[in-house]
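Hi,

Here is the model I promised to pass on.

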Amino acid sequence: MEYFGNIYPYLTEEEVKNSLLRQIEDNDLNFLKPAFFEMWASRFWIKKGFDGSTFIQDFAHPSICSFFHDYLYRVYGGGYKADFIFYKIQRLLKDPNARKNFVGVRVFGSFFRLRHFLKGRRKEISYNFIELFIYLKKLKNK
């Protein structure tokens, strides 16, 4: 049985996956599933880690918005699209701190984005995430 890293040392990968999928389904966010399954198949946390929110308290544990954000920063180097996806998922989950968190990640995430850029790790996000970004941009008042 394989456990899920340092942040959830007593949860198996299957338990984390089921918890994240339950968060998607319970909040009627099924449009996130194609991107989620791409992230899950990558198993990015094995080499690059998953630690949840860095400077803020996660709204839920494990948190689907933090999982998306960690993946997009660790695999693609972050950027506006990653931050916007994080923000919109937080808004859809009715996190009262979503706007403050978005401002914080745009300001304080600059260090991480610059580091990824200088190390040559910045690349354009995949089709699933571009589609998700476009879909979330079209959502009004959420």
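**Notes on the model**

Leaving aside residues up to four places away in sequence, Val105 touches His69, Tyr73, Asp83, Phe86, Ser110 and Arg113 (contact means heavy atoms within 4.5 Å). Before going further: this is a predicted model, where local features need pLDDT of at least 70 and side-chain atom pairs count only at pLDDT 80 or more, while totals for chains, interfaces and linings use all residues. Residues are numbered from 1 along each chain as its sequence is written, and side-chain values use heavy atoms, with hydrogens and water left out.

Back to Val105, which sits in helix 6 (residues 98-108). Helices (H or I, at least four residues) and strands (E, at least two) are DSSP runs, numbered from the N terminus. With a relative accessible area of 15%, Val105 is buried; buried means under 20% relative accessible area, exposed over 50%, and partly exposed in between (1.4 Å probe, protein chains only). The C-alpha atoms of Val105 and Tyr80 are 9.6 Å apart, and the two residues are separated by 25 residues along the chain.

As for the chain overall, it has eight helices and two strands, running β-β-α-α-α-α-α-α-α-α from the N terminus. Of its 142 residues, 46% are buried. Take the contacts between residues at least 6 apart in sequence: 64% of them join residues at least 24 apart.

Now for a helix pair. How do helix 2 and helix 4 pack? Helix 2 (residues 33-42) and helix 4 (residues 64-76) meet at an angle of about 60°, and their axes are 11 Å apart. Here axes are lines fitted to C-alpha atoms, for helices over the stretch in contact, and angles run from 0 to 180 degrees between N-to-C directions. The two helices are therefore oblique to each other (under 35 degrees counts as roughly parallel, over 145 as roughly antiparallel, 65 to 115 as roughly perpendicular and the rest as oblique). Helix 2 contributes Ala35, Phe36, Glu38, Met39, Trp40 and Ser42 to the contact, and helix 4 contributes Ile64, Phe67, Phe68, Tyr71 and Tyr76.

Then the aromatics. Searching the whole structure turns up 19 aromatic pairs; rings of Phe, Tyr and Trp (its six-membered ring) pair if their centres lie within 6.5 Å, with planes under 30 degrees apart counted as stacked, over 60 as edge-to-face and the rest as tilted. One of them is Trp40 with Phe67: the ring centres are 5.9 Å apart and the planes are at 35°, so this pair is tilted. Trp40 in helix 2 and Phe67 in helix 4 are 27 residues apart, so to speak a link between distant parts of the chain. Trp40 and Phe67 are both buried. Another is Phe44 with Tyr71, whose ring centres are 5.3 Å apart with planes at 70°, so that pair is edge-to-face. This pair also links distant parts of the chain, with Phe44 in helix 3 (residues 44-47) and Tyr71 in helix 4. Phe44 and Tyr71 are buried too. Ring pairs join Phe36, Phe37, Trp40, Phe44, Trp45, Phe67, Phe68, Tyr71, Tyr76 and Phe129 into a cluster.

Two loop residues to look at as well. Asp28, in the loop between helix 1 (13-26) and helix 2, has a positive phi near 55° without being a glycine, and it is exposed at 60% relative accessible area. Lys94, in the loop between helix 5 (80-92) and helix 6, is likewise not a glycine and has a positive phi of about 60°; Lys94 is exposed, at 66% relative accessibility.

Cheers
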